[in-house]
Structure formats: structure tokens, C-alpha cells
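Welcome! Take a moment to look over the structure below, and then we will walk through some of its features together.

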Amino acid sequence: MIEAVGLTKRYGAKTAVYNLSFQVRPGAVTGFLGPNGSGKSTTMRMILGLDNPTSGQVTIGGFPYRKLPNAPRQVGALLDAKAVHGGRHARNHLLCLAQLSGIPARRVDEVLGVVGLQDVAKRRSKGFSLGMGQRLGIAAALLGDPQVLLFDEPVNGLDPEGILWVRNLMKSLAAEGRTVFVSSHLMSEMALTADHLIVIGRGQLLSDMSVKDFISANSADFARVRTPDTEPQQREKLSAALTEAGGQVLPEQDGALRVTGLPLPRISDLAHGADVRLWELSPHQASLEEAYMRMTQGAVDYRSTIDQRSGLQQEMPPGAMPPPQMPVAGQGQPGWYAPPPPQQGGQPFAMPQGQPAGPYGAPAAPAAPAAPGSTGGPNPYAQAAQPSAAAAQPAASDLTKPEDAR
Amino acid sequence: MAATQVVQSEWTKIRSVASTVWTLSLAAVVTVALGMLISLLSADEWATMSPRERLSFDPTFISFAGMSLGQLAMIVFGVLVVSNEYSTGMIRTSLAAVPQRGTFLFSKLAVATALAFVVSLATSFVAFFLGQAMLGEHSASLGDAGVLRAVLGGGLYMTLIAVFSMGVAAMLRSPMLSLGILMPFFFLISAILGNVSATKKVGQFLPDQAGSKIMQVVAPADNDTPYGPWGGLGIMVLWVAVALLGGYTLLKKRDA
């Protein structure tokens, strides 16, 4: 059991962790989520007694880490997969850690087998991939057969097989009654692995609840409704009708509407009744990722901006227009949650072109062809009739263009 | 946490990286080879020396001439032993395993110092014997007054240089920063301060100049140092103690 009470850490003027209180219970995998720089690693280091809290305290089984008797036999930790001397064999790395806590050398070979590194045991860890490094770090954490395990971003750099392995390992460790505390910034991964979630942002506690509660509190079904872009008044009309019928209507960035509280057939009926044509009516589920991003959006420290590439802009050949910017989810658009529409600029769905127009209902995949270089005109069909326009297009867009659009 | 476990672990660490072998063997080879070369040249020069110079001719000290260069490899050894932990990030794993930071640091230093001492002492004896062989008829023998003290002192001197470097590296953490300060300090600054008459008084209290007095058997003609061979080594030990204390104090209260 890990218990933090009023944990605060300041580095000079910057507060990395502020008044954090939580408990990590045995017998469950507890996920520790937060954006980059939110204080996850600092908290982990304070749990391990590496950094001293400015105020507050954190204890493991009632003891501060530095006062724990034979700490490495009680607590195992993976902090940084690359924190090994590259010139040392994997086996020697584990051996020196084992000797520190009086663990026999044969245990080293055991854990090497557990993480699947027995074949590279005598190789220098310099040549290890990030995934192999993670496995080595996990091996080090397992060495002392500890009751409390801490993993900082254990799945970074692992292949899908490795991710599955880590997931099952965490679950089985927890099933043995151990305390497992795993940090990550991947909500989707935590939703599959963890039983309990602690979410922090800017060093403060945002949420501390079981995954089940988190899901039921945060994931809601909604419908995306789209009226003809050419007739904005239809959109207003439908909005009013839906609201009147008891639905909640939120405008989305691309002009569509996000409707909650009404089943899809009812929305269709209402649109029909209001004499509004629909270009889209699709069911969606807000993913946990989305809920998590909504929760932490105010606490993100490092946010990218759209790359204008104005410093690299070349003069366009006469008549050619720059390719339209495809908004990328999360880039400079804090309010962007829903998947981007399959195509930009009021075009109809790309289905007639034989392209899979993005899996509906799975908000993660903007699989649409990236604005198919159709700089000549808004409609890809128009292009087929004048193939000479293709010559004026930049080469890169040729590659992304659907074959049959030429 | 038994200190023997930590010592055992540190021994595994030190023997399992290539830099240990490289730096220590470089220190030994450079010291011995350069000592031999300078001994050979000095033997040839004997004929052209003034009587005054012949009077202060110190065959023992000449055979240790390679140490001025060999000690640089020893510095690298000392710095790397400590700063490897920081540059690789291993320090976090180590300190998570040994929360008693004093035990950790001094076990590490003990292992590295013991190894450095064995290599230094062997280097010192080999450098002495091979240097004397080059000097031929002008050589000293181990039985002469003060010679055994000088040869043992040579081993102690090199060891203390390594330990001093470990202390500095424990304070500074970064290998580049530590080497960037120690290298010019021992190779340039100390020599410059010691050769300019205005700063000579200060220069002779620097660790390497004070410590190297232990290797002298015949005092130079214009000897005005206010301390003897063991006094000089004592001054060096003080420097080392300060460096270690600084390293320990910082490690104790610093975030890892």
C-alpha cells in the first residue's frame, strides 16, 4: 500500500507536484495518468525516496522509503528503461542490483527468462532497442519478488506482443495480491490494464476512481448530425427542433452538430418533420481517451501549434493553390475532440471513389485521404475530366491521391 | 543493508565495464613507458650535467616522471567510476536499492580505491625497477635510504589522485564537467602556478605538487618547501578528504 498525503514538490519557482493525496491499494493495478510534465515521474521518484518532498509525505506500508527495512525486497521499480550502463551485459546489470539486496545470482537468470531476455543476457545493453530496455527494466523491478511494484511508462517502445505481455504481467502481479502502480499517458492502454485510475494534471489530483466509474462517468454516446453546408439556416432550424425535443446540441468545429440525449431514429424523424435535409447522421461514443483529454486539457503544459511551414514556402506555379490544411487532432486546437470529418471543404463522402471513408463510430481514425491534392477544384470528379491539371500539382500530393481520381 | 552486499555489487559494476580496464591499464602503461623514456634520456644527459645538477640528481624521482601523464588516465578512471552512475541514470536504480546514500557512496569509493591502489602500487614498483634499469650506473636501489618510501608513496600518490577525482565527480555529477575541470587543473594550472615564482608559494600547496614530494629522495637544490615528504602527502590527503566530504554532503541532500 502506497499512501501519499499532501505531497508537494517545488523546484525553485516551479511547482511540479502540489498537495497530492492518494492511496494505491494492494491487489489491483492502479494506473497513474497525466500529460507530459504533469508530475508523474516526480511523484514516482518521491515514492522511492530519490527526491525529497518539499512538504507532505509518502509512505509504503507505513514507512517512508528510506526507512524501509531491506527496501529492494519490498519495492521494485522501473523508472527509466535507458538508465543502464550501455557497456554492461544485461546479466551483469541485474547481477549488481541483485547483490545489492542479497538476492542470489540464480534469481537473475530466472527474471531474465521471465522477461524473455535469456538469449541476450551476455550482450551489452547499449545495443538494446527501447523495447528490450523496457524488458530489462521490468526484470530489475521483479528481482526481489517485491510486494510493491512501480512502473513508469512500461509499455513505451514495446511491440504489440510486448504490450500485451506487460498488460498480463501487471494483472497477474496484482492478482497475487501485490500493489502495482503504473504510470502512463495512454488512456486507452490504462483502460485495458488498470483497475483503478489516478489522474493528475499540473501536479494536482484531477481524478481518483475505479476504471469502471471513470468509464461510466465519462463516456457518453452522441450522434453527429450534419446539414447541408450551403444552407446554414437549415442547421439553425434543426438545432432548434432538436433542443425542443429535449436533446443537447453542441456545434462542432467543422459545422456539424453533436447531439446527445436523443436516439438516432428520433433525430431523423425530427429532421424530416422540420423539413431539413441531412448529410450525415452517425452514432459515436466518446472514448476514454477523449474523456481523459477533456479532463486534462486545461493542464497540458506542452501543446503543439499548427506548422505553417511559411519559412519553407515556395512560390507556387501560376494557377495552383496551396493544398488545403487538414486539421490534425490535438494540434493547436484544444477544443478538438471528435474525429475530423472524412473530407474537408464540403465534399461528399469519398465512398464513390472506392476509398474506405474512415470507420464510423470509431473516432480514432481519420483515415480519409489527406485532401487528395485536388488543388484544381473542389470536386474530385471534375478532375477526372481534365487530367492535365495533375501536372501542376506537387509530387507529394500525387502519392496520396486516390488512383481512380486521376 | 549490509555494506558487504553493496561492496560486492560495486565490484560487479566496476569489473563489468570496459572503461575500468582501459583507464587503469593506460595509467600503468603510460607511467611506466614515459618513466623509462625519461630515465634513458637522463642517463645520456649525465655527462653534460653541471656538478650542481649532479648533486641533486634523483634517480628515483626521475623514474616516476611518467606519472605526470599517467595520472590523467587515473583521473579519468576516478571520474568515470562515479559519474557513470549519473550519466546513465543508473544512480536512481542504485539509490532506490540502497536508500542509505552514505553506504552507497563509500562502498563504491572503497571498491574503486582498493582497485586503484593495487594498480598504482604495481605501476609504481614496475616504473621504479624499469626506470632504474634504464639509468644504468646512476640508478638507485630499493635498499637506499628513502627509496622504498618513495616507491610506496608513488602508489599512494596515484591512488589519492583517483580518489580526489571521485570526490570531485560526486560533487559535479557530469563526467564532462568533472574532466573539464580536473584535466586542465592537474595538467596546466598546477604546473603554471608551480613554475611562476610569484605563485609558487600557492602552487606548492596544490594536491599534486604537495603529494608528489613523497616520491622525491634527493631534495632539489633550491628546496624551500615548508613540508617534508609525509607532510606533503598529508596536504594531499586533506584535499581528498575535502572533496569526499563535499561529494557526500551533496549526495546526501540532493535529489537524485
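The bend at a residue is the angle between two axes, one fitted to the seven residues ending there and the other to the seven starting there. With that in hand, α5(B) can be described: a kink of about 40 degrees sits in this helix, centred on V82(B). Please keep in mind that this is a predicted model.

**Chain B as a whole**

- Chain B holds twelve helices and zero strands.
- Read from the N terminus, its elements run α-α-α-α-α-α-α-α-α-α-α-α.
- The C-alpha trace of chain B spans about 65 × 35 × 30 Å along its principal axes.
- Chain B has a radius of gyration of 19 Å, which agrees with the value near 18 Å for a compact globule, because that is what 256 residues would give.
- Buried residues make up 48% of the 256 in chain B.
- Take the contacts in chain B between residues at least 6 apart in sequence: 82% of them join residues at least 24 apart.

**Helix α5 of chain B**

- This helix covers residues 67-88, which is 22 residues.
- From first C-alpha to last, α5 of chain B reaches 30 Å, close to the 32 Å expected at 1.5 Å a residue.
- Most of α5(B) is covered, with 17 of its 22 residues buried.
- Just after α5(B) comes G89(B), which takes a positive phi of about 85 degrees.

**Helix α9 of chain A**

- Now over to chain A, where helix α9 takes in residues 232-244.
- Its 13 residues should span 18 Å at 1.5 Å a residue, and the end C-alpha atoms are 19 Å apart, which agrees.
- Which residues of α9(A) are buried? They include R235(A), L238(A), S239(A) and L242(A).
- On the face of α9(A) turned away from the buried side are the exposed residues Q233(A), E236(A), A240(A) and E244(A).
- What covers the buried residues of α9(A)? The cover includes β10 (221-226), β11 (248-251), β12 (257-260) and α10 (264-274) of chain A.
- After α9(A) comes G246(A), with a positive phi near 100 degrees.

Definitions and conventions
Residues numbered from 1 in each chain as written. Chains lettered and ligands numbered in written order. Predicted model: local features only at pLDDT ≥ 70, side-chain atom pairs only at ≥ 80, totals over all residues. Helix = DSSP H or I, 4+ residues; strand = E, 2+ residues; numbered from the N terminus. Rg over C-alpha atoms; globule rule 2.2 N^0.38 Å. Buried ≥ 20, exposed ≤ 12 C-beta atoms within 10 Å, placed from the backbone. Contact = placed C-beta atoms within 7 Å. Expected span 1.5 Å × (residues − 1).
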